[in-house]
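Here are my notes on the model you sent. Please keep the structure open while you read them.

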Amino acid sequence: MAAEPSPEVGELAGLGELDLDGLLGVGDVGACCATLYEHPGVRWLLGDELHPGGEATTRRALELVALDQGDRLLDVACGQGASALLAVRERDCEAVGIDRGEAALARARETAQSEGLAGRVSFQGADAGALPFPDASFSALLCECSLSAFADKARAAAEMRRVLAPGGRVAISDVVVDSVGLPQALRGPLATIACVGDALDAAGYARLLESAAIAVVAVESHDAAAARLAERVEDRLRGARLLGLARAGEMVELARVARRAIDEGVLGYATFSGVRA
Amino acid sequence: MTYDTSQPTLPTSHLAGVETVLARTESICPRCRRVLDARLLDREGKVILSRTCPDHGDFEAVVYGDTERYLEIQRFDKPGEQPLERQTEAIRGCPHDCGICPEHAQHTCLGIIEVNTACNLDCPICFADSGAGPQQHGYSLTLEQVESMLDAFVRAEGEPESIQLSGGEPSIHPQILEMLAAAKARGIALVMLNTNGIRLARDRRFAPALAELGVHVYMQFDGFDEATQVAIRGKPLTEEKLRALDRCAEAGVTVSLAAAIEHGLNEHEIGSILRFGVEHPAVTGVFFQPVTHSGRFRADSDPLDKLTNSDVIEAISQQLPEWFRDDDFVPVPCCSPSCRSATFALYDGEDLVPLPRLVDVERYLDYVTNRAVPDLDVREALEGLWSARAAGGSGPVAERLDCVACATGMPPELREVAARGFMVVIQDFQDPYTLDLQKLRKCCVSEITPDGRLIPFCAYNSVGYREQVRLQMSPGNGVRNGG
């Protein structure tokens with residue numbers, strides 16, 4: 001396994017300098033997300049898991065789409081490419097990852113190169129609302145913890161359908177909320193980039209996919225993994241607050257509300273698997 | 001949520017009466033002390049050490065209260081290191097050649113010198129069988145004897161980092177300050193005085209004298225309930241203990257509290273002892289020790305009904321859930337992983353965050369699972385923190401916490417908070433019932449004897465060495481006896 005330097009306590013320093021207000025002020029949540037999840041401080045907060053369950057949840061999603069040799073996978077909002085690389089490494093398929101964060105893509109390409117996988121996996125800068133691929137060019141598609149943050153979800157879903165070949169399989173893992181019970185604190189802009197504020201309920205995702213002519217086959221909950229991730233983020237933010245970092249207190253409160261919401265079942269994480277009709 | 005379709009988990013509960021052999025090891029007969037083949041069994045979720053003596057029958061003792069955790073923590077097992085010098089030869093076989101003998105698989109992290117056998121208390125639990133009354137056998141070392149023992153430790157370790165002067169009650173030895181100074185003079189960074197605190201409470205000059213020498217106090221502190229104190233120490237002591245701690249705070253002496261925890265007696269005080277320690281200005285760490293049934297304590301107690309490290313860890317998380325979880329306590333990898341677990345915590349007067357929540361300590365201290373270690377300097381610092389030679393608030397610990405903070409890029413003003421990390425240790429010593437010779441061979445805490453041997457602590461207390469040394473050192477046995 002490649003020895004990727006692990007972001008540690010030190011990265012916290014940069015968290016205070018992160019211009020969240022500036023980013024949010026631009027009003028482009030997608031761009032904000034891309035910047036945020038590249039930030040070493042944020043990566044330190046999340047640890048090795050950029051989404052609940054980390055690799056384990058990704059492996060399960062790849063199982064659900066029955067990814068195999070000969071498949072061509074598109075990873076929408078791939079970040080540093082961990083999932084696309086995992087798929088290529090373990091499932092012997094080909095993969096393409098797209099994201100809006102150039103630094104993350106550069107990192108993804110580096111990893112692919114260093115592992116000798118560059119022939120089977122590639123990464124390009126693109127927007128989920130306008131995928132730069134011809135119709136029916138993939139047999140499988142993965143989108144983790146991102147659909148909820150896309151401003152125009154219907155368009156993203158339609159694009160996903162368009163680039164999939166008939167019978168193509170989809171796995172969407174995302175934050176699921178109970179739109180009635182979700183606390184007000186989790187509806188703000190900070191919550192949106194944390195993939196919570198603009199998330200849908202389970203029926204909402206199903207409708208979104210169905211209306212793009214993607215039939216939902218199964219829904220699997222990862223609430224326990226979400227609870228663990230929320231707890232970890234809260235702990236690290238408590239550490240950051242204790243060490244005197246700006247805005248950490250506010251973020252601790254948000255993390256706490258999120259953790260309670262998961263316990264109460266109004267916030268969770270799930271994988272939706274489907275087939276392009 | 002209601003649409004959970006995940007698979008039902010496999011049953012993990014242990015069926016009553018079903019036993020699994022986890023490992024084979026060796027132990028001793030608690031009566032005749034001969035070496036016996038032994039098995040480690042899983043019985044109803046606990047780890048049981050079981051063996052049969054041909055003359056004295058079956059002996060069983062619980063050695064870890066949670067089998068699952070016991071198996072899980074075996075990955076925190078750092079390969080042993082060689083001491084510079086071994087004092088004895090392997091002739092009769094472990095554990096009867098202690099000294100350290102060539103079969104021992106670890107060097108000494110922490111040396112202990114018992115400077116006397118006399119005490120100003122008569123604790124019912126005393127594993128050293130000390131006391132205030134007239135003693136049939138007893139001794140008090142001279143300064144010269146202690147110096148030669150310190151020299152033996154230096155020969156074995158080169159640059160030993162930690163030593164503890166103990167007893168008896170070392171603070172009542174008339175030359176204790178000279179002895180502590182002699183340890184400091186040999187460059188030992190962490191010199192500890194293991195005391196009941198009574199002299200600190202009664203003698204105003206004592207804490208300032210310790211401060212001047214830079215000595216760290218390791219003070220017995222078993223809880224606040226009178227019943228606890230009477231059972232463990234023979235009389236209520238809270239007032240004197242608190243006065244001793246305040247004197248230390250005034251003088252600038254750092255203190256680790258050492259709490260003996262006995263099943264059914266003071267388990268319920270674990271949380272309040274820890275919270276008190278975290279909040280007291282002099283206290284930089286708490287050591288919880290499940291009471292060993294060596295020496296004179298409860299010779300009739302049931303070894304199958306004894307507290308172990310996992311029980312104490314669970315009690316901490318249950319009693320202080322806002323601060324601690326079970327997995328905040330990471331096994332110390334230099335000794336056997338079930339001997340000692342520890343954590344460091346950052347505290348700002350309000351909130352407390354254990355260090356493993358901020359740095360992935362397990363990733364650095366796991367020697368079995370094949371994972372890339374991100375930074376070897378950080379591993380080395382963490383090895384020095386998760387070690388029997390560490391005590392919270394001491395110079396070396398502050399330096400290593402600073403190294404962890406620094407190597408990970410923390411800005412200097414924040415590193416100061418990290419360097420004040422509060423240490424929590426749970427350490428289970430073995431007694432004749434729980435003695436596992438495989439564990440013993442990796443022991444890194446040694447009793448230094450007047451003849452210059454380094455005897456692993458649990459062997460010293462379980463196999464007969466303590467009695468042997470005491471007899472040799474007592475008047476009328478041809479050994480010079482000072483004090």
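**Notes on a sheet and a helix**

1. V96(A) stands opposite S122(A), a residue of β3(A). The model is a predicted one. Strand β2 of chain A, residues 94–99, pairs with β3(A) in the parallel sense, over five bridges. In general, strands of a sheet pair through backbone hydrogen bonds, either parallel or antiparallel.

2. How many strands form the open sheet of chain A? There are seven, in the order β3-β2-β1-β4-β5-β7-β6, and the pairing is mixed. At the edges are β3 (121–125) and β6 (214–221) of chain A, each of which pairs on one side only. On average, neighbouring strands of this sheet are turned by 20 degrees against each other, direction ignored.

3. A helix packs on this sheet: α10 of chain A, residues 202–211. It touches β5 (164–177), β6 and β7 (267–276) of chain A. The direction of α10(A) makes about 155 degrees with that of β6(A).

4. Turn now to chain B.

5. After α3(B) comes G187(B). The phi of G187(B) is positive, near 80 degrees.

Terms used. Residues numbered from 1 in each chain as written. Chains lettered and ligands numbered in written order. Predicted model: local features only at pLDDT ≥ 70, side-chain atom pairs only at ≥ 80, totals over all residues. Helix = DSSP H or I, 4+ residues; strand = E, 2+ residues; numbered from the N terminus. Pairing = 2+ DSSP bridges. Axes fitted to C-alpha atoms, helices over the stretch in contact; angles between N-to-C directions. Contact = placed C-beta atoms within 7 Å.
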